[in-house]
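Subject: The structure I promised you

Hi,

Here is the structure I said I would pass on. Have a look at it first, then read my notes below.

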Amino acid sequence: MSKIHVTTTINGDPVEFLADPRETLLDCLRDKVGLTGSKEGCGTGDCGACSVELDGTLVCSCLVLGVEADGKSVSTIEGMASDNDLHPLQRKFIEHAALQCGFCTPGILVAAKKLLEVNPDPTEEETRYWLAGNLCRCTGYDKIVRAVMDAAAEMRQEVA
Amino acid sequence: MRYHSPTSFTDAAGIAAGASGLTRFLAGGTDVLVQMRAGMVQPDDLIDLKKIPGVGDITRTDDGGWRIGVAVPGIALGANAGLKTDWPGVVEGMELVGSTQIQGRATLAGNLCNGSPAADSVPGLVAAGATVEITGPEGTRTLPVEELPAGPGKTHLAKGEMVSAILLPPRGQHGGDAYLRFIPRTEMDIAVVGCAVNLTLDGDTIKSARVALGAVAPTVILVPEAAEAIIGTTLDDAAIAKLESVAKSAAKPISDKRGTSEFRVEIAGVLAKRAARIAYARAKGEQA
Ligand SMILES: Cc1cc2nc3c(=O)[nH]c(=O)nc-3n(C[C@H](O)[C@H](O)[C@H](O)COP(=O)(O)OP(=O)(O)OC[C@H]3O[C@@H](n4cnc5c(N)ncnc54)[C@H](O)[C@@H]3O)c2cc1C
Ligand code: FES
Ligand code: FES
């Protein structure tokens, strides 16, 4: 099985790896690049734990081949905080205790970040629909939604 | 598995025609990768169509219709205001596919060529009278969308052939379309029944119509009798009753864990009348 040389940009940094064409981007991120923040919950596009942005579009990295990342840019959870400052969403998730086991959290944060980019002032319903592809088996979603709404308010510089 | 990323449909057709093992095309991959992972499909050759110039474009054709590239993801369809104004039913069908993440990848062409009778974007395309442009080793041909699927997981594409664009006809004046599906949840589920209605009006009277049903037969079906039930009417109660009964008798579903055959038949009637009312309101320029 000949491997393919992939040149890509991950969280702003140039990265190269060799991928078997059957390997998913998720596997490449975790096993070749050492970025284990993106999780594999299902491997079939149902849970969203593997969410990343590919050229600015929110996707499940378990449904993208590693070789498809060639020449593209990927943003993962590891790129969300800047230096020592957590992203407002990350802070609000801690404040609102919007996680229990935390397995779903990276995917939800990546998805929520994209939501607030395209819609800085989402309604609760819009937030729930946007995150419908992110499953959480622990929290019951309520705290997650509240944390996202609160982060959105802070990012709009309103006091929630 | 060999991964190919040709830069023209002719090259893609050449690779596919020359391949001896199992071949799959790769659009968004939201079906192919799931099938690969499940071990259902282990392609020897995977032909990625996304490097072909133009496959990501949505363009208005000279006659006022639309040409949609085979790699256009759901999210880009919804973002195209002109397309949404012309064919809201087609767009809403595609937007029902999966989650935000799936919308970032999944395509109309993949939804159609995967051959699921429950594919959510297909009834809307069939009702709209959409055609597909097919490119293969012998050149290019076009086919009405309803003639492409051959049964669950099967299409009438010959070896080496692929869909190279989806073509929507000009919307014209006083037209509207709509797609509805029934699922037990609010999101992320497979249609138990789907129904699309497309119609045009002359004043208050329906001048032309096309009705398509999903998940009630081995393929998505066009139901001409359902269209005849409402053509020439103002969608009054009698026309609605006729539409409902005709849609129910056209539905020949199986029973499975998502619903019994009897339930699906009942729902086919309900969705047909609701979708017709929405399409009618849209044709009148009302919000629906
Ligand atoms: C979590 C999840 C939820 C989903 N929810 C829904 C849903 O609600 N409704 C629904 O209908 N579907 C759903 N799907 C299925 C899938 O997302 C859709 O069928 C999607 O539209 C497939 O498009 P794609 O571009 O990803 O296809 P791909 O996976 O790339 O391809 C699908 C098939 O079509 C063939 N193909 C692709 N392009 C061409 C072409 N141009 N010419 C010839 N053959 C081609 C491929 O060889 C393959 O056999 C879901 C999938 C997942 C993972
Ligand atoms: S691991 Fe990708 S969606 Fe579940
Ligand atoms: S916190 Fe455990 S899955 Fe969400």
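Predicted model: local features only at pLDDT ≥ 70, side-chain atom pairs only at ≥ 80, totals over all residues.

**Where the chains meet**

Let's begin with the contact between the two chains. Chain B brings 22 residues to it and chain A brings 29 residues. Together they bury about 2,100 Å², and carbon and sulfur atoms give 64% of that area. On the chain B side, look for B:M1, B:Q101 and B:R105: they supply 30% of the area that chain B buries against chain A, more than any other three residues.

How many salt bridges run between chain B and chain A? The count is three. There are also seven residue pairs in polar contact across this interface, with both residues at pLDDT 80 or more. Three elements of chain B, namely α2 (32–37), β3 (45–48) and α6 (100–103), each supply at least two residues of the side that touches chain A. Of the elements, α2(B) gives the most to that side, with four residues. Sorted by class, the side of chain B that touches chain A has nine nonpolar, eight polar and five charged residues.

B:K50 is partly exposed, at 26% relative accessibility, whereas A:E68 is buried, at 4%.

A bit of background first: in soluble globular proteins, nonpolar side chains tend to be buried together. Here the largest nonpolar core has 78 residues, and those with the most contacts inside it are B:I68, B:L83, B:V132 and B:L168. Helix α8 (residues 122–128) of chain B provides the largest share of this core, five residues.

Leaving out residues up to four places away in sequence, B:L83 touches B:I58, B:W66, B:I68, B:L77, B:P88, B:V91 and B:L168. A second, separate core has 34 residues, including B:A178, B:A227, B:A251 and B:I267.

Why can we call helix α5 (residues 88–95) of chain B largely enclosed by the rest of the structure? Because six of its eight residues are buried. They are B:P88, B:G89, B:V90, B:V91, B:G93 and B:M94.

B:M94 also turns up among the partners of B:Q103, a residue of helix α6 of chain B. B:Q103 is buried, with a relative accessible area of 8%. Apart from neighbours within four places in sequence, B:Q103 is in contact with B:P73, B:G74, B:I75, B:M94, B:E95, B:L96 and B:V97.

Over in chain A, helix α2 (residues 88–95) has A:P88, A:L89, A:Q90, A:K92 and A:F93 as its buried residues. These pack against α3 (105–118) and α5 (142–155) of chain A. After α2(A) comes A:A97, with a positive phi near 50 degrees.

**Salt bridges within the chains**

Over all chains, the structure holds 31 salt bridges. In one of them, A:R91 pairs with A:E154, with the closest N and O atoms 2.7 Å apart. This pair links distant parts of the chain, since A:R91 is in helix α2 and A:E154 in helix α5 of chain A, 63 residues apart. A:R91 is partly exposed at 32%, and A:E154 is partly exposed at 27%. Both belong to a salt-bridge network that links A:R91, A:K92, A:E95, A:D150 and A:E154.

In chain B, look at B:R210 and B:E146, which meet at 3.0 Å, N to O. B:R210 sits in strand β13 and B:E146 in the loop between β7 (139–144) and β8 (149–151), so the pair ties together parts that are 64 residues apart in sequence.

Finally, check two loops. A:N11 is not a glycine, yet has a positive phi of about 50 degrees; find it between β1 (4–10) and β2 (13–19) of chain A. B:A215, also not a glycine, has a positive phi of about 65 degrees, and lies in the loop between β13 (205–214) and β14 (221–222) of chain B. Which of these is buried and which partly exposed? A:N11 is partly exposed at 26%, while B:A215 is buried at 14%.

Cheers

Notes
Residues numbered from 1 in each chain as written. Chains lettered and ligands numbered in written order. Heavy atoms only, no water. Contact = heavy atoms within 4.5 Å. Buried area = accessible area lost by both parts, 1.4 Å probe. Salt bridge = Lys/Arg side-chain N within 4 Å of Asp/Glu carboxyl O. Polar contact = N/O pair within 3.5 Å; in protein donor to acceptor, adjacent residues only side chain to side chain. Nonpolar A, V, L, I, M, F, W, Y, C, P; charged D, E, K, R; others polar. Core = buried A, V, L, I, M, F, W, Y, C linked by side-chain atoms within 4.5 Å. Buried < 20%, exposed > 50% of the residue type's maximum accessible area, 1.4 Å probe, protein only.
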